[in-house]
Amino acid sequence: MGATILLVEDEEAIREMTAFSLAQAGFDIEEAADAQQAVTCLAERRPDLILLDWMLPDISGIELARRFKREDLTRDIPLIMLTARGEEDEKLRGFDAGADDYITKPFSPKELIARIKAVLRRSSGLNGEVVSLGGLELDEGAHRIFANGRPVDMGPTEYRLLSFFMRHPERVYSRGQLLDRVWGSNVYVEERTVDVHIRRLRKALEAHGLARVIQTVRGAGYRFSAQE
Ligand code: CA
């Protein structure tokens, strides 16, 4: 399963071509044609990276980038700006606004994918480090979780949930806390959604005999425990 990328680009032809190449490379793509749609997408699902066009019809890409970097929910999401212009000052303004990288149009899909992978690696917070816990290995760089060397097959939400748990083991989180930390606090989903994904996650882990690492703490919530 690949990282999720939110692509914000108003030019339909470029957006479709880019989305197609990225999907081919194994990324999960969310598309937005303007700032308004981008904000809606972000409220529904937290992407692993945002590809943001410089020139948008409603709010400029640069203004939107600044907005993302001001808000708690979006601050940590890596950002690559797409620009038709390559002037030095434009680049600098992009970096000022908090972009992690930028790419000048026209770009080749190969170049874009290489940039995305580099930014994802840098921003994983773990610098490609692997967390090993409870028989599982979290490889943030590869965006995968392995059990005894075999990849655990799960959906993107289950991956986010499990990677959060593995980075915060032996602590109990309520459903509300998990919604805030994994789904994002702008998301209006019911607490029982958490139970649905916990169930799916346990099922994915069960295939590797590891369902026990996700523990229910009655009246409190859930905990990841590496202890028997
Ligand atoms: Ca544009």
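This is a predicted model: local features need pLDDT of at least 70, side-chain atom pairs count only at pLDDT 80 or more; totals for chains, interfaces and linings use all residues.
I take contact, or touching, to mean heavy atoms within 4.5 Å. Residues are numbered from 1 along each chain as its sequence is written, and side-chain values use heavy atoms, without hydrogens and water.

**Entry: Phe 165**

I looked up the partners of Phe 165, setting aside residues up to four places away in sequence. Phe 165 touches Tyr 173, Leu 178, Ile 198, Ile 214, Tyr 222, Arg 223 and Phe 224.

**Entry: cores**

For a nonpolar core I used buried Ala, Val, Leu, Ile, Met, Phe, Trp, Tyr and Cys residues joined through side-chain atoms within 4.5 Å. Buried is under 20% relative accessible area, exposed is over 50%, and partly exposed is in between (1.4 Å probe, protein chains only). The largest core has 28 residues. Phe 165 is one of the members that touch the most others, together with Leu 136, Ile 145, Leu 162, Leu 178, Leu 205 and Ile 214. Strands E7, E8 and E12 and helices H7, H8 and H9 each supply at least two residues. H7 gives the most, six. I also found a second, separate core of 21 residues, with Leu 52, Leu 64, Phe 68 and Leu 79 among them. Helices here are DSSP runs (H or I, at least four residues), as are strands (E, at least two), numbered from the N terminus.

**Entry: aromatic rings**

Rings of Phe, Tyr and Trp (its six-membered ring) pair if their centres lie within 6.5 Å; planes under 30 degrees apart are stacked, over 60 edge-to-face, the rest tilted. I searched the whole structure and got two pairs. Phe 164 and Phe 165 have ring centres 6.3 Å apart and planes at 55°, so I call that pair tilted. Phe 164 and Tyr 173 have centres 5.0 Å apart and planes at 70°, so that pair is edge-to-face. Phe 164 and Phe 165 are both buried, and Tyr 173 is buried too. The three form one aromatic cluster.

**Entry: H8 against H9**

H8 (residues 175-183) packs on H9 (residues 192-206) at about 75°, with axes 9 Å apart. I fitted axes to C-alpha atoms, for helices over the stretch in contact; angles run from 0 to 180 degrees between N-to-C directions. Arg 175, Leu 178, Leu 179 and Trp 183 of H8 meet Thr 193, Val 194, Asp 195 and His 197 of H9.

**Entry: His 197**

His 197 sits in H9. Its relative accessibility is 11%, so I count His 197 as buried. Beyond neighbours within four places in sequence, His 197 contacts Thr 157, Glu 158, Leu 161 and Trp 183.
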